[in-house]
2 protein chains.
Amino acid sequence: MTTSYKPFESITTVACISVGTIGAGWAAYFLARGFRVQAWDPAPGAEARLRALVDAAWPALTELGLAPGADKNNFSVSTDLAEAVAGVGFVQESAPEDLELKRKLLADIDAVTAEDVVIASSTSGYAMTEMATAAATPARLVVGHPFNPPYLIPLVEVVGGEATAAAAVEWASGWYDFIGKSVITMDHEVPGFIANRLQEALWREALHMINAGEATVEQIDRSITDGPGLRWPIQGPMVTFHLAGGQGGMAHMLDHFGPSLKSPWTRLDAPELTDELRNAVVAGVDEAEPRSVDELIAERDAAIIAIQKAVAQVRTNSR
Amino acid sequence: MTTSYKPFESITTVACISVGTIGAGWAAYFLARGFRVQAWDPAPGAEARLRALVDAAWPALTELGLAPGADKNNFSVSTDLAEAVAGVGFVQESAPEDLELKRKLLADIDAVTAEDVVIASSTSGYAMTEMATAAATPARLVVGHPFNPPYLIPLVEVVGGEATAAAAVEWASGWYDFIGKSVITMDHEVPGFIANRLQEALWREALHMINAGEATVEQIDRSITDGPGLRWPIQGPMVTFHLAGGQGGMAHMLDHFGPSLKSPWTRLDAPELTDELRNAVVAGVDEAEPRSVDELIAERDAAIIAIQKAVAQVRTNSR
């Protein structure tokens, strides 16, 4: 039997299961796109925290443009899973990264959700193959991995597990695209997906340099913000290196610089996370950035909007 | 004897030695900052190419704000080194990345340049210790490594060689700061400096994913431009991970995610640059980005300006 999933246009309500930073960020995004959100979270104070995050995100979302009928109060919070998924057209699970917890939760969600509804997990660390083992209907379980904050960063990486139906992966990709996300559909599971692998590679090298006393936290961050980071919202690493090849482009670059891939520019293994390295990194961050996490989040969000607007304007002008 | 280098305020003219993409980019920047530029380049057509690059960069530089008296025609191109460095207060060498060529050229520049002038090399690949071996006065030779395009990206990494005087490194850092650059002064030579090591780590992982068929060129670029790349102009990788720790910040992040440093998210060695990988990367770039190099450069430059303005505005508003 092939299940037909819901037509995107028919969906008015979505469920956000577990509304920590990521789940609440998803809820804010869905509200801004005009959906009703039914949240589930058993933690005490979950509703107040969700409301606080939505309130904090709303000015940014308003600036980016709300969908007709969007209402930041159009949500409910329940501690009853069946109540949270009743009548929804889509489920986004964003529980803490704990394999056993996710396995059980996805099975529980699956058991109470209508069969024509796709259920996506925000996991950044697990493959759906290992998370879906307890679910009765693994065919409709997919990973829909967002980036923080999910209400501003467009990227969503979509991938299924071994038991996921191709139609569910296709539906989820189409759905995220329909609601305005930038979707990357992967055809098989790769730990860390794509963007996190790239970030992780950079992060490891940063830790190595701090460990070796070659750079401070402040220098590492400024080397990106005032250097290649200024290019990355408009051109990714591949086109960046394409331009490094001059008029000869990527072909010239690879033929000319290929041998330096072999040079010892990066370390070949992850550094040991000793107490010393851990403390040096923490102290370095405190020294480089004395402002509070909330202040940094507000500045980051304002910048992401301004950068997206700037890049969109430039793209419109240059095409 | 300790040489006193020139007071920054007294400098009106600088020499740009070799004006390919990087050297001409430096020349455009110096012109925009109100300096006279004396270029040296023995290649046929060098003057026309320099003029073309300065003309192309000038609207962007005008938008960012020209120094009083800035004149895009205030340059000369010579094939005589002594003529190019006569009367200048600073020399920026940007010859092709060829160790023997740079060794000889730096010795030749050193031989004809007044002793109170610091000479910087734009090299991205060599240590000054290995480049300065033929020079009579290695004490005033430093690396001043820019990012492409040098007329827009603020970052300059400054480091001396074993024979470089600390005073020359200090002078060069102060000078680049004086002319509006974001300076990172390194206290010892590290291959690739800082930002390129970070870029290189990311680039290697991207090549691995293409090699393994896990991601396309287009997916890799979009995973950055629509994902973490939107955060990097405002917050570097360290503060990004600081925020990934929630209110607990970097300490929580390291204590919570530290073990995953050991996970196999990134490969431990550089991929072999086989013809197959080389061709797949080149074809992938052509497919992902059919526009010409010139069109991409124009779009990149416009975006860098818009992003810098957006980020500066946000920083002003949030502090």
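In which loop of chain A is the place of A:S18? In this predicted model, A:S18 sits in the loop of chain A that runs between β1 and α1 (21-32), and although this residue is not a glycine, its phi is positive, at about 80 degrees.

In chain A, the bond from A:N148 to A:P149 is cis, with omega near -5 degrees, and A:P149 belongs to the loop between β6 (141-146) and β7 (155-160) of that chain. In chain B, the bond leading from B:N148 to B:P149 is cis, with omega near 0 degrees, and B:P149 is found in the loop that lies between β6 (141-146) and β7 (155-160) of chain B.

From the backbone we may turn to the relation between the chains. In general, two copies of a chain are related by a rotation about an axis together with a shift along it. Here, chain B is superposed on chain A by a rotation of 180 degrees with 0.0 Å of shift along the axis, the RMSD being 0.1 Å, and that is the relation of a two-fold axis. The same surface serves both copies, in that 100% of the contact residues of chain B recur in chain A.

As for the extent of this interface, 108 residues of chain B are in contact with 109 residues of chain A, and the chains bury about 10,600 Å² between them, with 67% of that area on carbon and sulfur atoms.

Part of the contact between the chains is made by helices. Helix α9 (residues 237-244) of chain A packs with helix α7 (residues 195-211) of chain B at an angle of about 110 degrees, their axes lying 10 Å apart; since angles of 65 to 115 degrees count as roughly perpendicular, α9(A) and α7(B) are therefore roughly perpendicular to each other. On the α9(A) side the residues are A:P237, A:M238, A:T240 and A:F241, and they meet B:Q199, B:L202, B:W203, B:A206 and B:I210 of α7(B). By class, this contact of α9(A) with α7(B) comprises seven nonpolar and two polar residues, with no charged ones.

Salt bridges are found both between the chains and within chain A. Between chain B and chain A the count is two, and a salt bridge of 2.8 Å, from N to O, joins the side chains of A:R197 and B:E205. Over all chains the count comes to 24 salt bridges. Within chain A, the side chains of A:D116 and A:K6 meet in a salt bridge at 3.3 Å, N to O. A:D116 lies in the loop between α4 (99-112) and β5 (118-121) of chain A, whereas A:K6 lies in the segment before β1 (13-17) of chain A, so the pair ties together parts that are 110 residues apart in sequence.

Terms used
Residues are numbered from 1 along each chain as its sequence is written. Chains are lettered from A and ligands numbered from 1 in the order in which they are written. This is a predicted model: local features need pLDDT of at least 70, side-chain atom pairs count only at pLDDT 80 or more; totals for chains, interfaces and linings use all residues. Side-chain values use heavy atoms; hydrogens and water are left out. Axes are lines fitted to C-alpha atoms, for helices over the stretch in contact, and angles run from 0 to 180 degrees between N-to-C directions. Helices (H or I, at least four residues) and strands (E, at least two) are DSSP runs, numbered from the N terminus. Angles under 35 degrees count as roughly parallel, over 145 as roughly antiparallel, 65 to 115 as roughly perpendicular and the rest as oblique. Contact means heavy atoms within 4.5 Å. Ala, Val, Leu, Ile, Met, Phe, Trp, Tyr, Cys and Pro count as nonpolar, Asp, Glu, Lys and Arg as charged, and the others, Gly among them, as polar. Copies are superposed by least squares on the C-alpha atoms of residues with pLDDT of at least 70 in both. Buried area is the accessible area (1.4 Å probe) that two parts lose on being put together, summed over both. A salt bridge is a side-chain nitrogen of Lys or Arg within 4 Å of a carboxyl oxygen of Asp or Glu.
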